[in-house]
Amino acid sequence: MSRFRTAKDLAIILGLVEGTSLHAPGPIRDEHQRLNRLEDCFVSYFLGFDGTTYQRELVCAEFAAHYLPALIDRYIDAPTLNASGPAPLEQRAYEMFNASLYMLLQLYPIPYFSKYFRSQAPIAARGKTLMRVLVDRIVSYGPLLDQKKEELPEDDFDDLYCLPLLDALKLLSICLRFFTKHQEPIPLEARNNLTRYLIKWRHQSWMIDVQYSSEDAYDDLRGKSRIPTAVIEAARRQLKAREKCAFPKCEVKENLRACTRCSIVAYCSEAHQRADWNGTRFPHKPTCFETEY
Ligand SMILES: [Zn+2]
Ligand SMILES: [Zn+2]
């Protein structure tokens, strides 16, 4: 069985570092090809050609530890789609959904993802936060989408313009549900515009998934998620992996000490930390990395 891509392979494909590798052969022609290559990495994993869930998790952990700030910066300052100047809606769709957003959705909910949002480090390039940028992009997409709806056959419209919106809404819901406290608040005007569109989209039938995602994002925006509180709480605990001793089967929650290198896990005692380092089925060692955040 061949190995899943390395974190560096993924960073090369995403344009975060220079170089080539076995799994990222040749220069990348354009942003569409970048997304295709990245999707291939994850799709072949899902089809079982390439690696295991565990390997994928290790690679994603290493990727997030090393490249997450660069990835978010790249999403915030998305490159232009092509030099000749694409149609405005295409450019907007691409700014909303591209290889960077695809990768962000793969990284959630590994602990480094939440560590990044909890950190005090500058959130992203030029002081903008991911959530603010997502909101701005979704809000400015609304009017263009309405316009285009009249012009295109339904199938083209779904693939080109609804799917990007769907994925942007997914990430927005994640940010609203789990990381709102760590984000700059959404200014009132943008919030009102967003609410208006979410209400509109959740009643429109053009794509059922967009309806559901709009419904979710609308509820998340009001802090009234329809997902049961217990489920959200459980996910929050998982995101803050440090609330329980990370040694399997140990339930101690008091007087924990975080791993000094990665700080994504914590232990009740040195004995459990040592035992978890490489002695368990899912040892800590291969997911432990220093981060700049
Ligand atoms: Zn313990
Ligand atoms: Zn560690």
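Two residues are in contact if their C-beta atoms, placed from the backbone, lie within 7 Å. Good morning. The structure is a predicted model, in which local features need pLDDT of at least 70, side-chain atom pairs count only at pLDDT 80 or more, and totals for chains, interfaces and linings use all residues. Residues are numbered from 1 along each chain as its sequence is written, and chains are lettered from A and ligands numbered from 1 in the order in which they are written.

I begin with helix H7, residues 130–149. Helices are DSSP runs of H or I with at least four residues, numbered from the N terminus.

Which residues of H7 are buried? A residue is buried if 20 or more other C-beta atoms lie within 10 Å of its own, exposed if 12 or fewer, and partly exposed in between. Among the buried residues of H7 are Leu 130, Met 131, Ile 138 and Tyr 141. Their cover includes helix H3 (53–76), helix H4 (88–96), helix H8 (154–178) and helix H9 (188–202).

Let us turn to Leu 89, which lies in helix H4. Leu 89 counts as partly exposed because it has 17 C-beta neighbours inside 10 Å. Leaving aside neighbours within four places in sequence, Leu 89 is in contact with Leu 144, Lys 148 and Tyr 161. The C-alpha atoms of Leu 89 and Leu 160 are separated by 9.5 Å, although these residues stand 71 residues apart along the chain. Thank you.

Methods: Helix = DSSP H or I, 4+ residues; strand = E, 2+ residues; numbered from the N terminus. Expected span 1.5 Å × (residues − 1).
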